[in-house]
Amino acid sequence: MNPKRILQGSTRLRSLPARAFLVLTVVASLAWSLGFQFMQSAHAASYCQVSYTVTNQWPGGFGASITVQNTGTAAWTSWSLTFAFPASGQSVTQGWNGTFTQSGQNVTVTNTSYNGNVAANGSVNPGFNGAWSGSNPVPTSFSVNGNVCGGTSATPTPTTAPNTPTPGTTPTVGTTPTPTPTTGPVTPTATPTPGTHVDNPFAGAKWYVNPDWASEVTTAASSVGGTLGAQMTKVASYSTAVWLDRIAAVTGGSGVTRTLAGHLDAAVSQATGSQPVVITIVIYDLPNRDCAALASNGELTVANNGLANYKTEYIDPIANILSQSKYSNLRIAAIVEPDSLPNLVTNLSMSKCSEANSSGAYVQGIQYALNKLHAISNVYNYIDIAHSGWLGWDSNFQPAVNLITSTVKGTTAGVNSVDGFISNTANYTPTTEPFMTANQQINGQPVRSANFYQWNQYIDEASYDTAMRNAFITAGFPSSIGMLIDTSRNGWGGSGPQGSRPTAASTSTDLNTFVNQSKIDRRVHRGNWCNQYGGIGARPTASPAAGFDAYVWIKPPGESDGASQAISNDEGKGFDQMCDPTYHGSQQANGGNLTEAIPNAPLAGHWFEAAFEILVQNAYPAIS
């Protein structure tokens, strides 16, 4: 995967000119699983029929699906639908399977490049997430290609308050919650009955050790020997996540040593007494996966029915396996689709990301996964929020909060479908920069204005995660949500091509010199993400600070980020030049610097012993 900051993208909604005469009948309906229904009446038409369904609603937001059916005898080559929101506070925030434009209360939806042709009796299904204030009535006036269509509507009046969060206390919007990390771990409470859904799945649990990864580590350690070999052996005893990066990883296939069920069986066998075992899995197979990179591209594509396959061939089997009674005493932490939603915030200028956005593949796929997994009481969902060096800028931070919030609120359980968020997945950003703060003044200039940080508000993960947690609580999430940080490679101890870890703050009065001499992040640019000369960071730890559920190792140390040259494979993984140590990246990607990648790397996810030895040697705290 590619958790880096790339050029910031923007969603631009465009309208197309009217093309053809159509007569519409409109059916508008709202169906909520929480016990109420809205309906707009319909009249049959000889050319088309449109249904407008509000699929879910929550305070301040809603999701809607529109089905446009060609009921005529001739195929369409293009289509354009217009309607007006009845209330001034209603708006489209994100759309898919159509190009959405809004001016005031008027909305236009036109076909995309891939769904303009609609056969007779065929249909298209644009959808969107929206916002509302005051009230959220259904539209009553529609037209297609400039032709007004009739219809009447009933005023929607909910009979049950939707998606009211029950755990924790939700602050009033506009207030600033105050959870901040504290030094030292928080003492966990007594272990509850196995299988019970708890606030923090990592607290009081025994952590699963992947026997396959541990075997690779110990095999390498035995060949190295000496002090380094002993340190490597020690690392094999720590818990790492299991990556489900293709369908075969779930159900079995070429190159798969142990399926999902095999890992769960191994986790059950590692239980001792009444102490529960927590196992972390990574849900990672969306169509157009890692749309802004090549090293971790996946097997499914939007253009080739990828979303349907993702649901039926990937998520459904995962849910079926996890729900088996023999695994009910496990605590299963699911890291849901790293990089996906962050890419929709910053990288819509890239074709694969634009396609993932316009098709709704990322949003709908994640919502489907959350619905399926949340229904299993011993599964805990954590949504990826990239890292401070990607979404920490003001221009990225709040749009990311908005997109993630609308996606989660569009699930059946709304904000209660997730247990928290994770940052720094498979990245190298330090948990803390111990010798400086973002707004510390050096010769009248804040640290964050240095070339390395480029005015980013956050120079480490702890401050970024705390701000993200506060923002999500303000957006309506319960105050029980917990944060995770992947510390598998962000220790930055020892030494490397970039120099040794500093032991104190610089005394320089030049801002850039001060930052370069004080930061423990030894990269030349935060955009360098592939196979870096980092070091193992904090060991997996439950409740390390207030508001944080755990420090975890999501990326198993020693597994490659991507190949340093093109390698033929059947895993859908391409060659990304950011993994080539001889390549100078773009000004936007990494300031035009060398990538600093470790040479001779294999495919992403494959064992890379040279990188593992470097991570162990540069661990902080040191492995002892």
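Helices (H or I, at least four residues) and strands (E, at least two) are DSSP runs, numbered from the N terminus. The model is predicted, so local features need pLDDT of at least 70 and side-chain atom pairs count only at pLDDT 80 or more, while totals for chains, interfaces and linings use all residues. Residues are numbered from 1 along each chain as its sequence is written, and side-chain values use heavy atoms, with hydrogens and water left out.

Start with the loop between E16 and helix H6 (340-346), where Asp-339 lies. Its phi is near 75°, a positive value in a residue other than glycine. Asp-339 counts as buried because its relative accessibility is 0%; buried means under 20% relative accessible area, exposed over 50%, and partly exposed in between (1.4 Å probe, protein chains only).

Asn-305 also has a positive phi, near 60°, and is not a glycine. This residue sits in the loop between E15 and H5. At 49% relative accessibility, Asn-305 counts as partly exposed.

Strands E15 and E16 and helix H5 come up again around helix H4. Helix H4 covers residues 260-269, and its buried residues are Leu-260, Gly-262, His-263, Leu-264, Ala-266 and Ala-267. They pack against helices H1 (211-224), H3 (247-251) and H5 (306-322), and against strands E14 (242-244), E15 (277-283) and E16 (331-336). Contact here means heavy atoms within 4.5 Å.

The last stop is a peptide bond. From Tyr-620 to Pro-621 the bond is cis, with omega near 0°. Pro-621 is found in the segment after helix H14 (609-617).
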